[in-house]
Amino acid sequence: CALDVLIRFLDFFNLREDCPFPLYVHGVPLKEHAAIFENEAVTVTASPVDHSPKTPTFGVKIASKRSGKTMVYSGDTTYSERLIRLASGGVDLLFHECSGLSTHDIVPIHSNARHAGQTARNIGAKKLVLLDLDSVLNDDPQAILAEIRQEYAGESVVAEDFDEFIL
């Protein structure tokens, strides 16, 4: 099972033992709105999104019980109704994969700028943060944001290494 392989990999390199915080490994069920974690501060749920059948990926929703704010992370996906259902009710912050402009022939397991903008609009995201831009296509981030604005009127940014987003 893939979970056993991951645990053996972590243990081979002593990554669990040498980790400065407790590290627990759990499988994620391949079902929508799967409960992943909950404590007094947050609820974490996940849903599979539309990617390759051989490589399942997930969208993850973290909801703060203290502030009532939520964030959703898309994972690698094309436009996905399952991601929209996960984020139903709107989110404060949507992190969405975006391989590039819609004019490129992007593999249909990834999102282009229009997909990300449509998703943000359809879930009512307050802010869209684009991740995982294709470095080979090397699209101009301003052109990507311009295409996003054709679908989504809210605030959108292209994430850079070490950016911090406060919820």
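His-33 is found in the loop between helix 1 and strand 1, where helices (H or I, at least four residues) and strands (E, at least two) are DSSP runs numbered from the N terminus. Its phi is near 55°, a positive value in a residue other than glycine, and His-33 is partly exposed, with a relative accessible area of 41%; buried means under 20%, exposed over 50% and partly exposed in between, for a 1.4 Å probe and protein chains only. This is a predicted model, in which local features need pLDDT of at least 70 and side-chain atom pairs count only at pLDDT 80 or more, while totals for chains, interfaces and linings use all residues. Residues are numbered from 1 along each chain as its sequence is written, and side-chain values use heavy atoms, with hydrogens and water left out.

Strand 3 (residues 58–64) and strand 4 (residues 70–73) pair in the antiparallel sense over four bridges, pairing being assigned if DSSP finds at least two bridges between two strands. Within this pair, Val-60 stands opposite Tyr-73 in strand 4. The two strands form a hairpin with five residues between them, and Gly-68 in the turn has a positive phi of about 80°. Strand 4 is also joined by three bridges to strand 5 (residues 93–97), and these two run parallel, with Met-71 standing opposite Leu-93 in strand 5.

In soluble globular proteins, nonpolar side chains tend to be buried together. Leaving aside its neighbours within four places in sequence, Leu-130 is in contact (heavy atoms within 4.5 Å) with residues including His-96, Ala-116, Ile-144, Ile-148 and Val-157.

Towards the end of the chain, Phe-162 is found in the segment after strand 7 (155–158). Phi of Phe-162 is near 70°, again a positive value in a residue other than glycine, and Phe-162 is exposed, with a relative accessible area of 83%.
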